[in-house]
Amino acid sequence: MGKLYVFDHPLIQHKLTYIRDKNTGTKQFRQLVDEVAGLMAFEATRDLPLEEIEIETPVAKAKTKVIAGKKLGLVPILRAGLGMVDGILNLIPAAKVGHVGLYRDPETLQPVEYYAKLPSDIEDRDFIVLDPMLATGGSAVEAINSLKKRGAKSIKLMCICAAPEGVKVVQDAHPEVDIYLAALDAQLNDHGYIIPGLGDAGDRLFGTK
């Protein structure tokens with residue numbers, strides 16, 4: 001069973017307060033999401049394997065460590081997931097970025113893939129799927145399905161804010177996937193919004209209504 005991580009780091013929780021605040025404008029919201037994603041990535045990559053190499057410092061030769069050949073891939077779910085990419089790339093500039101686009105079928109209300117563009121060496125990469133919100137869980141499940149059917153073997157999910165209902169849906173569909181959250185909120189309301197949540201992340205990131 002994949003693990004569920006909810007980060008209680010003071011910097012993450014502080015910034016999350018202002019992400020939630022309805023008075024936070026688009027520019028600040030975007031910056032805060034970027035910063036929180038970077039802080040979360042710091043924790044989510046804690047298990048990357050290391051190997052020892054020898055280098056020469058200005059003073060002497062030294063044996064030191066580098067990441068052991070792991071290739072990372074970031075997959076934001078369009079469009080809100082885009083807001084989390086740069087914060088992680090600041091830490092891991094060599095990561096490749098794929099994209100998955102989903103829309104909700106108006107009749108079935110189920111997510112349908114309309115776009116997927118992923119790195120060619122998909123089987124060799126550890127992927128982190130990005131979406132600020134994990135509400136009903138449908139989009140996250142479908143994005144992970146999209147990666148799996150193209151050959152991905154190692155997948156994590158990173159979201160800023162989640163509802164218990166969405167977490168359960170993802171865990172039931174993909175029990176091996178680790179989930180990383182800045183907050184696990186109380187519930188979904190009747191319209192599928194996370195309570196207390198942070199509103200529509202895409203609208204707040206891009207200044208749309």
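This is a predicted model: local features need pLDDT of at least 70, side-chain atom pairs count only at pLDDT 80 or more; totals for chains, interfaces and linings use all residues.
**Ground rules.** I number residues from 1 along each chain as its sequence is written. Local features need pLDDT of at least 70 and side-chain atom pairs 80 or more, while totals for chains, interfaces and linings use all residues, and side-chain values use heavy atoms, without hydrogens and water.

**Entry 1: strand 4.** I looked up strand 4 (residues 71–78). Strands are DSSP runs of E, at least two residues, numbered from the N terminus. Buried means under 20% relative accessible area, exposed over 50%, partly exposed in between (1.4 Å probe, protein chains only).

Next I checked its partners. Two strands pair if DSSP finds at least two bridges between them. Strand 4 runs parallel to strand 8 (residues 125–130) over 6 bridges. There I found Val75 opposite Val129. Strand 5 (residues 96–97) also pairs with strand 4 in the parallel sense, over 2 bridges. Leu74 stands opposite Val97 here. Strand 6 is parallel to strand 4 too, with 2 bridges. Ile77 faces Val100 across that pairing.

**Entry 2: aromatic pairs.** Rings of Phe, Tyr and Trp (its six-membered ring) pair if their centres lie within 6.5 Å; planes under 30 degrees apart are stacked, over 60 edge-to-face, the rest tilted. I get 3 aromatic pairs. One of them is Tyr103 with Tyr114, tilted, at 6.4 Å centre to centre and 40° between the planes. Tyr103 sits in strand 6 (residues 99–104) and Tyr114 in strand 7 (residues 111–117), 11 residues apart. Tyr103 is partly exposed at 40% relative accessible area. Tyr114 is partly exposed at 49%. I also noted one aromatic cluster of Tyr5, Phe7 and Tyr180.

Terms used. Helices (H or I, at least four residues) and strands (E, at least two) are DSSP runs, numbered from the N terminus.
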